[in-house]
Amino acid sequence: DIDTKPRIAFLHPNIAEIGKSARLTAFGWNLKSPLKPEYPKKTGVFEQLEIDIPEKLTLSNDQTGLGRMLTESPIHGFAYHLPGSNRAVRISTTNTAIIQDTEKNNSTLNALPIQIPAEISGRLAAADERDYYLIQARAGEVYYLEAFGQRINSPVDLQLSIFATNSKEKPIEIFNDI
């Protein structure tokens with residue numbers, strides 16, 4: 001598959017709320033002008049393009065044009081075709097609030113507080129980058145946590161850890177899914 005048409009490598013966030021319009025940032029090549037491609041000035045640098053997703057698309061579950069590997073579980077969403085591009089990208093949809101990482105939440109001291117339920121859309125730009133989130137939980141409560149990497153076509157190798165703390169002590173790791 002070789003061409004000079006626009007190609008989206010990934011989106012941030014890559015998820016939209018069902019029934020709401022959304023603005024996503026596309027990262028890829030030849031995105032500046034779909035009719036007259038422009039190339040990145042440096043190898044490995046992605047061009048960026050803001051994409052407005054209308055409400056009616058977020059109501060769709062049309063994934064036509066998206067191949068799915070056998071290891072992928074179905075994820076509610078739709079295929080987005082950038083005008084002029086030969087390749088669609090998946091945009092997932094949810095009915096809960098979407099939280100985006102702030103790039104400041106890279107330590108337990110700067111954990112981003114979130115309200116549950118939520119979908120978190122993070123972006124790990126460095127090989128050893130970590131993002132931390134803070135929820136208030138009580139003993140006996142049950143939470144369902146899931147991290148998507150490979151299933152959304154991301155090259156990341158995700159690790160999910162849970163830390164416990166109170167206001168007087170340093171966070172301690174109580175769960176680690178490697």
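Trainee: So which residues form one aromatic cluster?
Mentor: F10, F27, W29 and F46 make up that cluster. Keep in mind that this is a predicted model, with local features needing pLDDT of at least 70, side-chain atom pairs counting only at pLDDT 80 or more, and totals for chains, interfaces and linings using all residues. Numbering runs from 1 along each chain as its sequence is written, and side-chain values use heavy atoms, without hydrogens and water.
Trainee: How many aromatic pairs does the structure hold?
Mentor: Four. Rings of Phe, Tyr and Trp (its six-membered ring) pair if their centres lie within 6.5 Å; planes under 30 degrees apart are stacked, over 60 edge-to-face, and the rest tilted.
Trainee: Why is the pair of F10 and F27 stacked?
Mentor: Because the planes sit at 10°, with the ring centres 4.7 Å apart. F10 is in strand β1 (residues 7–12) and F27 in strand β3 (residues 22–29), 17 residues apart. Strands here are DSSP runs of E, at least two residues, numbered from the N terminus.
Trainee: Is F27 buried or exposed?
Mentor: Buried, at 7% relative accessible area; F10 is partly exposed at 31%. Buried means under 20%, exposed over 50%, partly exposed in between (1.4 Å probe, protein chains only).
Trainee: Switching topic, what does Y132 form with F163?
Mentor: A tilted aromatic pair, 6.1 Å centre to centre with 55° between the planes. Y132 lies in the loop between β9 (119–121) and β10 (133–134), and F163 is in strand β11 (residues 160–164), so the pair ties together parts 31 residues apart in sequence.
Trainee: And which relative accessibility does Y132 have?
Mentor: 16%, so Y132 counts as buried, while F163 is partly exposed at 35%.

How values were computed:
Helices (H or I, at least four residues) and strands (E, at least two) are DSSP runs, numbered from the N terminus.
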